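Good morning, and thank you for coming.

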Amino acid sequence: MKVVGIVGSLRKKSTNRGLMRAFEELTPADVNLEVADIGSLPLYNAEMDDAYPESATAFKTLIESADALIIATPEYNRSVSGVLKNAIDVASRPYKANSFDGKPVLVVSTSPGGAGGAMAQYHLKQTLLHLNMKVLGQPEFWVGGGGEKFDENGNLTDEKTKEFVKVGWDALLKVAR
Ligand SMILES: Cc1cc2nc3c(=O)[nH]c(=O)nc-3n(C[C@H](O)[C@H](O)[C@H](O)COP(=O)(O)O)c2cc1C
């Protein structure tokens, strides 16, 4: 079973990267979780479709190799970050070559605010449904008050959230297996 992770923040000390790290640390034994590098993808424009850049093709190939995905999104101005939207656009094209088609996906988020990125998730889920992904409606996985649940390096320290990471894994694998 292969799961690909995508993190919508490029910050070294990103809390969303830290949340994805917690998923890596708690990966079940028979699962391989590979976190994609989306920072080196080109900014999508439709002229790319005739000759897709190498990094974009490699990203599409990685997504296509996945049995399921986990996406950790920050909330930027009540939506997802530009880098995450760009990565989704890149792998959704060229037309009729949507690499996400039919894949189960768990969306998670964290922010220092109380809502924990919930509004970004609802924008994101709308896009993922359009791409015909199997978007998990439950568990709703947003970690509010991230300032107290991650250390200064973005590592998850909150034990209750770590337990919830296991719940997230179980729910995703139930759909993916
Ligand atoms: C451009 C920008 C917009 C933001 N907008 C929101 C927002 O709408 N809601 C929110 O809860 N946090 C918002 N934040 C704060 C982020 O949640 C916070 O910086 C968070 O740590 C980013 O995730 P990261 O730690 O994974 O990089 C914003 C931050 C930036 C840089």
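Two residues are in contact here if their C-beta atoms, placed from the backbone, lie within 7 Å. By that criterion, and leaving aside residues up to four places away in sequence, isoleucine 70 touches Val3, Gly5, Met20, Phe23, Leu106, Val108 and Leu172. This is a predicted model, in which local features need pLDDT of at least 70, side-chain atom pairs count only at pLDDT 80 or more, and totals for chains, interfaces and linings use all residues. Residues are numbered from 1 along each chain as its sequence is written.

Ile70 also belongs to the largest nonpolar core, which has 43 residues; Leu69, Ile70 and Val105 touch the most other members. Such a core is a set of buried Ala, Val, Leu, Ile, Met, Phe, Trp, Tyr and Cys residues joined through C-beta atoms within 7 Å. Buried means 20 or more other C-beta atoms within 10 Å of a residue's own, exposed 12 or fewer, and partly exposed in between.

Is serine 40 buried or exposed? Serine 40 is exposed, because 11 other C-beta atoms lie within 10 Å. The C-alpha atoms of serine 40 and lysine 85 are separated by 14 Å, the two residues being 45 apart along the chain.

Finally, the ligand. It is surrounded by 13 residues, the closest being Ser9, Ser14, Asn16, Pro74 and Ser111; a residue counts as near if its C-beta atom, placed from the backbone, lies within 6 Å of the molecule.
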